[in-house]
Amino acid sequence: MTARTPDSADSPDSPDSAALYGLHNLPYGVASADGAEPRPVTRLGDEVVEIAALVGDLAPLFEQPSLDAFLAAGRPTWDDARARLASALADGVPAGLGRSLDEVRMHLPFTVADYVDFYASEHHATNLGRLFRPDGEALMPNWKHLPVGYTGRAASVVASGTDVVRPCGQRRPPGAEAPTFGPSTRLDIEAEIGFVVGTGNAMGRAIDIADVDDHLFGVVLLNDWSARDIQAWEYVPLGPHLGKSFATTISPWIVPMAALRAARVDVPGQDPVLPYLAMERPWGLDIELEVEWNGEVVSRPPYATTYWSPAQMLAHLTVNGAPTRSGDLFASGTVSGPERHQRGAFIELTWGGAEPVEVAGEQRTFLEDDDEVVLRATAPGPGGTRLGFGEARGRVVPAIDPPPSARAAAHPAPHATDRTLQETS
Ligand code: MN
């Protein structure tokens, strides 16, 4: 496949960088260099610059190792900071303040408070329904009435570049009576959009869908790594658990909602919804995702085809009075379009492994050790521009050997090496 769009845009010196990371974007991240403390940064082209030096008396919000304080500050402060950044960078990065992207290490930009994953793509839900329940209706009766989701594990949300240890768990081979235990043999990805809550809601008080703009800070790319064999055995009746909770990779840049105004589109036509899910403005986003597997682009999922919007997801998530907090992360679920080359998970792309795809000259179904997957995306900006989202990159490393089931008491449990658990830049 040809791969022009965001393909190399996150690499330093890419010709696309200046265009994708101009003043119309100004994403938020956290970076460190030379062993110094991490600090919030923004990005202009291939340069990163510390925000504290650019925003006057808002600096204390950014003289911190994360974006947590800024996220909690609320919409007026977010808008003020963005205006100050645009003004300070109008003529480029001031002399002496910028660093090249390849000189810094990017970190998880905020403390993930809670993590909820939805199932908002009708194409994905239909495909998975057919694969997991071939004899039943593809969509459950509730699917078009509420955005289906589950609460995941915030602690295993990691920054792009963090290696992913192949999970071990129970899985029942086809036709077998009893489960076996061992490393997942059907390790998969899910290409998703993640939404970062800036200011949350108190317990007992829902977020009205008309007020979501005041709560929702921005967008990250998100890979919800999934062990399909573990998932298939465990998920009835309570949903995903260990098949999902071992790792979720996000891009290190949060693109603020304020940068995405030109990307707003209507969601695809919906069946009638209850009033608390009715939207007053377009809440879809025309984000074009790209899935690269071992250096080859294998899928281009169009987020604009997603059925449920982020406003509906946040309204639904809180309608029962559940609180959200600054740093809450909720994700779209796998983004899949109607075409085969738009499917955002390998279980769909290969139809459960029955239809392998060619990846760098090999016939492949699920992930093997040392495989690397990178998510990228672009979206429309103002005046015909495009904006980039950075990348969500992760490499699969072997399961801990021997797996826990094989450990003898006489042999202390080995731990994953530092290499497997550290972020790499
Ligand atoms: Mn997911």
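Modeller: Before we start, a term: a residue is buried if 20 or more other C-beta atoms lie within 10 Å of its own, exposed if 12 or fewer, and partly exposed in between, with C-beta atoms placed from the backbone. This is a predicted model, so local features need pLDDT of at least 70 and side-chain atom pairs count only at pLDDT 80 or more, while totals for chains, interfaces and linings use all residues. Residues are numbered from 1 along each chain as its sequence is written.

Colleague: What is the mean pLDDT of the chain?

Modeller: pLDDT is the predictor's confidence in each residue, from 0 to 100. In this chain 91% of the residues reach 70 or more, and the mean is 92.

Colleague: Over which residues does pLDDT stay under 50 or fall below 50?

Modeller: Where pLDDT is low, the predicted coordinates should not be read in detail. One stretch with pLDDT under 50 has 31 contacts beyond four places in sequence, and that is residues 1-13. Another, with 17 contacts beyond near neighbours in sequence, is below 50 over residues 409-425. A contact here means two C-beta atoms, placed from the backbone, within 7 Å.

Colleague: Is Trp 351 buried or exposed, or in between?

Modeller: Trp 351 is found in the loop between α8 and β23 (357-359). Helices (H or I, at least four residues) and strands (E, at least two) are DSSP runs, numbered from the N terminus. Trp 351 has 16 other C-beta atoms within 10 Å, so the label is partly exposed.

Colleague: How far apart in space are Trp 351 and Arg 130?

Modeller: In sequence these two are 221 residues apart. C-alpha to C-alpha, the spacing of Trp 351 and Arg 130 is 9.7 Å.

Colleague: Which residues of helix α4 (residues 122-132) are buried, and what is included in their cover?

Modeller: The buried residues of α4 are Glu 122, His 123, His 124, Ala 125, Asn 127 and Leu 128. What covers them includes α8 (346-349).

Colleague: Why is helix α7 (residues 310-318) largely enclosed, and what do its buried residues pack against?

Modeller: Nine of the nine residues of α7 are buried, so the rest of the structure largely encloses this helix. Among them are Pro 310, Met 313 and His 316. The packing partners of the buried α7 residues are β6 (115-118), β13 (191-197), α5 (212-215), β14 (216-223) and β22 (329-331).

Colleague: Which residues touch the most other members of the largest nonpolar core?

Modeller: A nonpolar core is a set of buried Ala, Val, Leu, Ile, Met, Phe, Trp, Tyr and Cys residues joined through C-beta atoms within 7 Å. The largest one holds 103 residues, and those touching the most other members are Ile 193, Leu 221, Leu 314 and Phe 330. The strand that gives the most to this core is β14, with six residues.

Colleague: What is the strand order in the open sheet of five strands, and which strands stand at the edges?

Modeller: Two strands pair if DSSP finds at least two bridges between them. Pairing in this sheet is antiparallel and the order is β4-β3-β2-β1-β5. Two strands have a single partner each, so one side of each is left without a neighbour in the sheet: β4 (98-100) and β5 (105-106).

Colleague: Which strands pair with β25?

Modeller: Eight of the nine residues of β25 (residues 372-380) are buried, so the strand is largely enclosed by the rest of the structure. Six bridges join β25 to β20 (residues 288-293), running antiparallel. Four antiparallel bridges link β25 with β27 (residues 392-397), and three link β25 with β26 (residues 386-388).

Colleague: Which residue in the turn between β25 and β26 has a positive phi?

Modeller: The two strands form a hairpin with five residues between them. The phi in question is about 60°, and the residue is Gly 383.
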